[in-house]
Amino acid sequence: MKLKNVLIVVKDIEKSKQFYHDLFGLDTVLDHDGNMILTEGLVLQDEKIWRKFLEKDVIPQSNSCELYFEERDIEAFAQKLEKLYPSIQYVNRLMTQDWGQKVIRFYDLDGNLIEVGTPYFN
């Protein structure tokens, strides 16, 4: 068995597609009526579909999981984030962990937690 995808719930699939393309360079692999697979295996699903399937409300900023990306030039990434999405909500702006890794944490447009860090191993 292998993990194929990670799915996140979004309110506006087109805005989210643009967000993940702008910041992470992810492109659409498949667009199927409220379900969109992006490169790297990220799946966006329309909130209405998810809510109907689960029969429960979606809880933004639940802080129960995060998407983790690595970026060597994290200072340039932080500048791009600030420029393209100046009203983004941060958990923490660019900081250096005790072990030397630089990280930035923020929520996407729908409250999904994202961490971007420098690679652990070069």
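**View 1. The open sheet E1-E4-E3-E2.** In this predicted model, 4 strands form an open sheet of mixed pairing in the order E1-E4-E3-E2. Helices (H or I, at least four residues) and strands (E, at least two) are DSSP runs numbered from the N terminus, and two strands count as paired if DSSP finds at least two bridges between them. Strand E1 (6-10) and strand E2 (28-32) are the edge strands, each pairing on one side only. Neighbouring strands of this sheet are turned by 20° against each other on average, direction ignored; axes are lines fitted to C-alpha atoms, for helices over the stretch in contact, and angles run from 0 to 180 degrees between N-to-C directions. Residues are numbered from 1 along each chain as its sequence is written. Because the model is predicted, local features need pLDDT of at least 70 and side-chain atom pairs count only at pLDDT 80 or more, while totals for chains, interfaces and linings use all residues; side-chain values use heavy atoms, with hydrogens and water left out.

**View 2. Pairing of E2 with E3, and helix H2.** E2 and strand E3 (residues 35-38) pair in the antiparallel sense over 4 bridges. Thr28 stands opposite Leu38 in E3. Helix H2 (residues 47-54) packs on the sheet and touches E1, E3 and strand E4 (42-46), contact meaning heavy atoms within 4.5 Å. The direction of H2 makes about 80° with that of E4.

**View 3. The open sheet E5-E8-E7-E6.** This open sheet of 4 strands also has mixed pairing. Strand E5 (66-70) and strand E6 (90-96) stand at the edges with a single partner strand each, so one side of each lacks a neighbour in the sheet.
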